[in-house]
Each structure stands twice: as C-alpha cells, then as structure tokens.
Amino acid sequence: MRKTSGLQRESPGFLGLGSQRPSAPVGVNPECGIYKLHTVEGSSLSNIANNVLCGVGFIVTAFLLWGCQKRIAAVGRVEFRALLATYLVSLIFQLVTTGALLEQGTQTIGALTAIHCGIVASLFWVLLWYSFTTMQVLDDGQTASLLIMHVGQFAFFFVTMFIALATAFGFTSAFGGVSNPPDALQSIPLFVLTSIWPAVSAVLSFVVISWVVLHILHERRPFWIYMGAAIAFIVAQVFRLSPVGVSICESSNHRVDGTFIATFLETVSIVAMYYGWADMTKAAWDDSV
C-alpha cells in the first residue's frame, strides 16, 4: 500500500533523486519498478495489472458497502461500514501513487503519497476499533463508539500525513533529517505508523475477534473465515514488500510487479472479513445476500 521512492530529497524544499528516476519501485529497499505511463522505456502501460485490480477492488468494496447498508440490525454495522469505506478510498490513492501514472519526485506525488500513508494508518485503527465493538463493551453504532472511532481515525490520518509530508518536503527535521545521499533518507516514526502499526493492529484485531467467536459465540465457521482473511493479508504483504515482488518485476521486464497480487489478496481479505462478519451476525440478517 505504500510507495517509498517518491519520498527522497537532498535538501529542504524538493524531493531529490526521485525526480531523476523513470520508475517508482514499491516495497522495502526496492530495486525494480514499473516505468511511468507512456515513457520511452518499453512504451510502458503503467502498473496496469495493479491498476486494474484496484478498480476491481473498488467495485467489489462498493458492492460490499451496499450489502452492509442493508443489514440495519447487524452488530458492528456502522463500524464495519467505516472500515469498508476507508479501504475503498485507500484503493483510489493506491492507484494514483503506485500506478506509475505520475512523474516521480514531484511535489504532487509527495503530497498524494503522504495522504495515502495517512489513510493506511487510519484504516488499521478502524479495523482495531471494529474488532473491539464485537465484544459489545460499548453499544456499537452509538455516539460513544462512533466518537472514539472517528477521533482515533482522524488522529492517525493527520499525524501520519504530517510526518510523511515533513519527511518528503523537509520543513522539519524532527521526523527524519536531510539525507546524504538522498537514498539514505529514513523516518522511523513514518515506518512505525505505516508498517509496524498496521501489523500490530491486524494481529490484535484477529486475536479479539477470534476470542469473541470461539469463547462468546461458540462458533467455529466465522473463525475459519477470519483465519482465511488473515492468511490472505499476510501473503499479500509478502508479495508487496519482499524480494518476491522484485523477482516478478525483473522477470516481466518492468511490466508488472508483486503489487497486483498483493492488491488482489488484500481485497480477498476484505471480502472474507465481510462474510465472517455476516456469519457472526447471521441472526440479524434477512434471507437476501
């Protein structure tokens, strides 16, 4: 979900070597990337596979939102709907920032990437809060629950976006100083918010939901559905962040990389979570799908 090469700069005010690159690798210490749309290098079609799957994921998530809206009495409906809506928005920014559609190293790509980072961080707060609502400690969908969810969501969004902007544009050195060479640019807070925090949130959410399903509801089928969602998410990160994606990129001569598989599996994970939620709340559902 995160693009790193657009966040490189040599001095405050501009983004550095990113503007000299024809491609934008994705992942941890990325080496191979997709060339920008319609560049000379191989007449690139952009990151076409991932872009198509972002579009498919958008349509699928919109359909799930429609289905979620119909289940008025289902537990955690409002919170789960917020999760789906945030994921849907994240797909739009993923397409724009990792789709090889824009010039690298520009202020535009830096700003859009910062917004995308904020959305990713806020998405996992909403995921964690949704899992908490399944315990029914607070009434789901009520003012207290929604206030905590949205305050936390906006806090993660704005804090992460600010740190990403500071890292990219260098208007403060508090979150990562000017780097020499620019490729050595680091921001530990940004790494924590966009990599460590999502992993911690996902694990905690799975533990909470598993406890609710197995020890409160005494159901097994929703647990296995959520287990499938967790496995899909983990495998997705392997293709997005590991050298596997680099191998795909190199073997395809910069036409595709591991992001399209990651996007597909992340959408599969969201769909599985939807049906896990459906199974948990089946008593409140009508006969329609």
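Is the crossing of H2 and H4 left-handed or right-handed? It's right-handed, and the close-ups below, all taken from a predicted model, start with that helix pair.

**View 1. Helices H2 and H4 pack side by side at about 20 degrees.** Here you have H2, residues 77-98, against H4, residues 143-169, with 11 Å between their axes. Angles under 35 degrees count as roughly parallel, so that's the label for H2 and H4.

**View 2. Zooming in on the residues where H2 meets H4.** H2 brings Val78, Glu79, Ala82 and Thr86, while H4 brings Ser145, Leu146, Met149 and Gln153. Sorted by class, the contact comes out as four nonpolar residues, three polar ones and one charged one.

**View 3. Arg221 and Asp279 join up in a salt bridge.** A search of the whole structure turns up two salt bridges, and this one has an N to O distance of 2.5 Å. Arg221 sits in helix H6 (residues 221-241) and Asp279 in helix H8 (residues 259-280), so the pair ties together distant parts of the chain, 58 residues apart. Check the two ends: Arg221 is exposed, at 53% relative accessible area, whereas Asp279 is buried, at 9%.

How values were computed. Residues are numbered from 1 along each chain as its sequence is written. This is a predicted model: local features need pLDDT of at least 70, side-chain atom pairs count only at pLDDT 80 or more; totals for chains, interfaces and linings use all residues. Side-chain values use heavy atoms; hydrogens and water are left out. Axes are lines fitted to C-alpha atoms, for helices over the stretch in contact, and angles run from 0 to 180 degrees between N-to-C directions. Helices (H or I, at least four residues) and strands (E, at least two) are DSSP runs, numbered from the N terminus. Angles under 35 degrees count as roughly parallel, over 145 as roughly antiparallel, 65 to 115 as roughly perpendicular and the rest as oblique. A crossing is left-handed if the near helix is turned anticlockwise from the far one by less than a right angle, and right-handed if clockwise. Contact means heavy atoms within 4.5 Å. Ala, Val, Leu, Ile, Met, Phe, Trp, Tyr, Cys and Pro count as nonpolar, Asp, Glu, Lys and Arg as charged, and the others, Gly among them, as polar. A salt bridge is a side-chain nitrogen of Lys or Arg within 4 Å of a carboxyl oxygen of Asp or Glu. Buried means under 20% relative accessible area, exposed over 50%, partly exposed in between (1.4 Å probe, protein chains only).
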